[in-house]
Protein chains: 2
Amino acid sequence: MTQGEAAPRSTRSRPTMREVAALAGVAIKTVSRVFNGVPTVDPAIVARVREAADKLGYRPNLTASSLRRGDGRTATIGMLVEDAANPFSAVLTRTVENVARERGVLVLVGSLDEDPERERELARALVDRRVDGLVIVPAGRDQSYLINEQHTGTCMVFVDREAGLLDADAVVSENRQGAITAVNHLLKAGHRRIAYLGDRASIPTAAQRFDGYRHALEVAHIEYDDEIVRHVGSSEEAAIAATEQVLALSDPPTALFTSQNFVTIGAVRALRAMGLQDSVAQVGFDDFPLADILSPGISVIAQDVEQVGRTAAEMLFRRLDGDESPTRTVTVPTRLIERGSGEIPAEGPCHD
Amino acid sequence: MTQGEAAPRSTRSRPTMREVAALAGVAIKTVSRVFNGVPTVDPAIVARVREAADKLGYRPNLTASSLRRGDGRTATIGMLVEDAANPFSAVLTRTVENVARERGVLVLVGSLDEDPERERELARALVDRRVDGLVIVPAGRDQSYLINEQHTGTCMVFVDREAGLLDADAVVSENRQGAITAVNHLLKAGHRRIAYLGDRASIPTAAQRFDGYRHALEVAHIEYDDEIVRHVGSSEEAAIAATEQVLALSDPPTALFTSQNFVTIGAVRALRAMGLQDSVAQVGFDDFPLADILSPGISVIAQDVEQVGRTAAEMLFRRLDGDESPTRTVTVPTRLIERGSGEIPAEGPCHD
DNA sequence: CGACGCTGAGACAACGTTGACTGGGCGAGA
DNA sequence: TCTCGCCCAGTCAACGTTGTCTCAGCGTCG
């Protein structure tokens with residue numbers, strides 16, 4: 001809490017083309033031409049205009065420009081994620097930003113916190129600012145409120161989950177197959193009693209992963225037991241509690257499939273607190289930093305978040321460039337990373 | 001890569017107030033009044049206008065509005081961070097977003113990757129879009145290029161590092177004192193040979209932390225030895241290499257002060273690879289997820305990123321509300337979190 | 001030497017909206 | 001009954017820019 005000096009505020013207002021034109025002794029339209037790189041302007045005049053602009057500290061007003069311009073483009077896209085602070089959303093944002101930057105496009109970011117109401121509000125706020133396109137990780141299950149915007153030319157791509165009640169492009173991870181891979185991996189290590197701990201079942205990705213879990217068990221002829229299935233939401237605390245509960249059962253699981261990031265971490269904490277990290281196997285869905293450095297390392301089904309983000313951004317810009325092909329959903333593969341926790345063998349009598 | 005249906009694109013263009021007015025049978029100005037909540041409109045007319053707007057799917061154009069409006073506010077601020085994907089930046093972004101949201105303000109985000117050129121480009125891009133204010137984690141050491149914008153009424157707050165050659169508000173963490181605390185903590189555990197591993201010295205925060213390191217050693221009458229000081233940048237790989245190097249010295253350090261996030265994590269990896277995690281002490285600057293779950297847990301000087309972000313956003317909005325008090329720099333305290341790695345005692349002959 | 005095309009710059013209107021002003025209708029007070 | 005003032009909706013211009021059109025000047029070719 002230091003230093004200072006008289007703060008010079010809003011002394012003069014921002015110069016406009018009019019003022020630059022006056023100083024350079026040309027018409028306003030000529031200034032416009034110079035700043036738009038129109039080649040039919042006398043180099044001497046270009047120099048005079050540039051000089052005048054520099055002297056005044058002139059910067060073009062993109063909002064006015066986009067208003068007048070034919071295409072009405074704002075060179076801005078909107079991005080709605082679950083929470084800008086979480087690693088998945090952060091990496092996604094950055095990847096989209098990278099693609100956008102190549103085209104001089106900036107990204108407006110909003111966090112939804114899984115609140116469908118907020119999703120609508122923020123989507124509207126973005127539309128009101130006339131963003132050229134939207135990248136949305138939807139919180140709700142009904143995006144029909146965007147149907148109007150879609151018809152009036154706002155391009156949009158959904159990420160991680162498909163849009164509900166709206167025909168739109170989407171990029172998703174291979175959730176169901178990833179879950180199947182995870183469970184099969186545990187089965188291969190001899191486990192027959194595998195708990196499922198995941199996010200609320202109302203969340204589409206969670207539902208798909210759960211579906212994969214059930215499918216894999218069914219194929220292996222293992223009876224489904226909802227005693228060892230918990231849809232706990234995405235908090236570490238809830239995951240810790242759930243882990244403790246299932247392991248306190250009279251017939252506890254020998255392996256855990258944790259289908260969401262924070263759930264995985266919560267389970268890791270719980271296992272360590274109980275000293276079971278080396279005897280209960282675990283495979284998590286979604287990789288996380290330092291998963292490899294724990295002991296044992298945590299085996300995961302890793303999503304390729306960069307690929308998801310890049311694909312989504314590229315699809316969006318292709319639409320903006322006029323692609324009118326039918327909408328599609330691109331599925332990005334996941335892959336198993338073995339680090340130790342998923343390879344812990346089942347204890348007790350061997351069923352092989 | 002599935003599904004599809006004829007994609008209906010840009011069929012009609014977005015409706016305007018003119019069209020709503022025509023449908024409702026009123027003047028365009030009346031529509032404007034309705035959407036701005038002006039109370040002197042007949043409720044029956046309000047209803048008619050709203051109905052017409054809904055039928056057309058009308059949404060006001062904020063860019064046009066802000067152009068015409070007296071204050072010229074766009075209800076958008078710009079945020080430039082080091083990398084939207086890294087946890088520090090992501091949390092910062094989210095905190096600023098939260099404060100902005102309360103005021104109906106959206107946030108444009110850009111990543112600088114420590115590139116001063118990019119900083120200028122993106123700052124310009126934001127100014128060209130007439131953002132109401134800027135929150136900047138500066139990459140360069142010279143922000144005088146913003147002097148014009150400052151004088152023409154663009155408010156700005158710098159975060160994590162103060163602005164160079166520009167008198168502007170800033171919110172920074174207690175870097176020097178935090179480093180002193182870290183080193184003192186290691187001294188208290190009996191260490192006399194403490195390595196410094198940090199980001200490039202050209203980065204202001206790194207320089208301040210390094211300064212704290214030297215100061216603490218000086219106060220403790222320990223001779224400075226640049227054999228065990230490495231300014232390695234912010235990559236894990238470089239940190240791993242540096243850690244290996246200093247520990248391979250004939251007179252290796254018994255403790256490490258790692259002054260940056262990725263450096264800390266790199267050192268953690270290197271120590272584990274060498275099996276030294278329980279014999280070489282370590283204190284890191286900046287907390288990171290799962291630091292507590294490692295064994296030993298990693299002791300850190302934690303920055304209060306939320307507080308930094310919130311403070312910066314609040315300062316910015318106070319300026320936007322007309323605060324013309326002298327600029328100031330707010331310093332947010334850091335705190336030591338003991339988790340084990342920093343409490344490992346010095347081996348060998350005791351000097352006490 | 002005159003008509004013509006071309007080059008380069010300016011005039012004007014418009015993008016979608018709102019600030020400032022105008023004007024019609026109506027009730028109240030003289 | 002007339003006037004004054006108020007209430008409410010409409011007209012007009014302007015925000016900063018660019019698309020369209022116009023026009024002056026000049027070189028060229030028949």
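Predicted model: local features only at pLDDT ≥ 70, side-chain atom pairs only at ≥ 80, totals over all residues.
## How the two chains are related

Two copies of a chain are related by a rotation about an axis and a shift along it. In this model, chain A can be laid on chain B by a turn of 180° together with a shift of 0.0 Å along the axis, and the RMSD of that superposition is 0.1 Å. The two copies are thus related as by a two-fold rotation axis.

Within chain A, the C-alpha nearest this axis belongs to A:Leu108, which is 2.1 Å from the axis. The same surface serves both copies, since 100% of the contact residues of chain A recur in chain B.

## Helix 5 and helix 12

In chain B, the axes of helix 5 (residues 87-101) and helix 12 (residues 305-320) come within 8 Å and cross at roughly 40°. An angle under 35 degrees would count as roughly parallel, and helix 5 of chain B and helix 12 of chain B are therefore oblique to each other. Helix 5 of chain B passes helix 12 of chain B in a right-handed crossing. From helix 5 of chain B, the contact draws on residues including B:Phe88, B:Val91, B:Leu92 and B:Thr95, while helix 12 of chain B contributes, among them, B:Glu306, B:Gly309, B:Arg310 and B:Phe317. Sorted by class, the contact of helix 5 of chain B with helix 12 of chain B has 10 nonpolar, two polar and three charged residues.

A:Thr95 has its place in helix 5 (residues 87-101) of chain A, and with a relative accessible area of 8% A:Thr95 is buried, because buried means under 20%. When its neighbours within four places in sequence are left aside, A:Thr95 is in contact with A:Glu306, A:Gly309 and A:Arg310.

Another helix pair in chain B is formed by helix 10 (residues 236-247) and helix 11 (residues 261-274), whose axes come within 7 Å and cross at roughly 50°. Helix 10 of chain B and helix 11 of chain B are therefore oblique to each other, and helix 10 of chain B passes helix 11 of chain B in a right-handed crossing.

Residues of helix 10 of chain B, including B:Ala239, B:Ile240 and B:Thr243, meet residues of helix 11 of chain B, among them B:Phe262, B:Gly266, B:Arg269 and B:Met274. The residues of this contact between helix 10 of chain B and helix 11 of chain B divide into 10 nonpolar, two polar and three charged.

Most residues other than glycine have a negative phi, and most peptide bonds are trans. In chain A, however, a cis peptide bond with omega of about 0° joins A:Ser295 and A:Pro296, and A:Pro296 is placed in the loop between strand 9 (281-285) and strand 10 (299-303) of chain A. In chain B, the peptide bond from B:Ser295 to B:Pro296 is cis, with omega near 0°, and B:Pro296 lies in the loop between strand 9 (281-285) and strand 10 (299-303) of chain B.

Positive phi values occur at B:Ala75, where phi is near 55°, and at B:Leu165, where phi is near 55°. B:Ala75 is found in the loop between helix 4 (62-68) and strand 1 (76-81) of chain B, and at 22% relative accessibility B:Ala75 counts as partly exposed. B:Leu165 lies in the loop between strand 4 (155-159) and strand 5 (169-173) of chain B, and B:Leu165 is exposed, with a relative accessible area of 65%.

Note on methods:
Residues numbered from 1 in each chain as written. Chains lettered and ligands numbered in written order. Heavy atoms only, no water. Helix = DSSP H or I, 4+ residues; strand = E, 2+ residues; numbered from the N terminus. Buried < 20%, exposed > 50% of the residue type's maximum accessible area, 1.4 Å probe, protein only. Contact = heavy atoms within 4.5 Å. Axes fitted to C-alpha atoms, helices over the stretch in contact; angles between N-to-C directions. Parallel < 35°, antiparallel > 145°, perpendicular 65-115°, else oblique. Left-handed = near helix turned anticlockwise from the far one by under 90°. Nonpolar A, V, L, I, M, F, W, Y, C, P; charged D, E, K, R; others polar. Least-squares fit on C-alpha atoms with pLDDT ≥ 70 in both.
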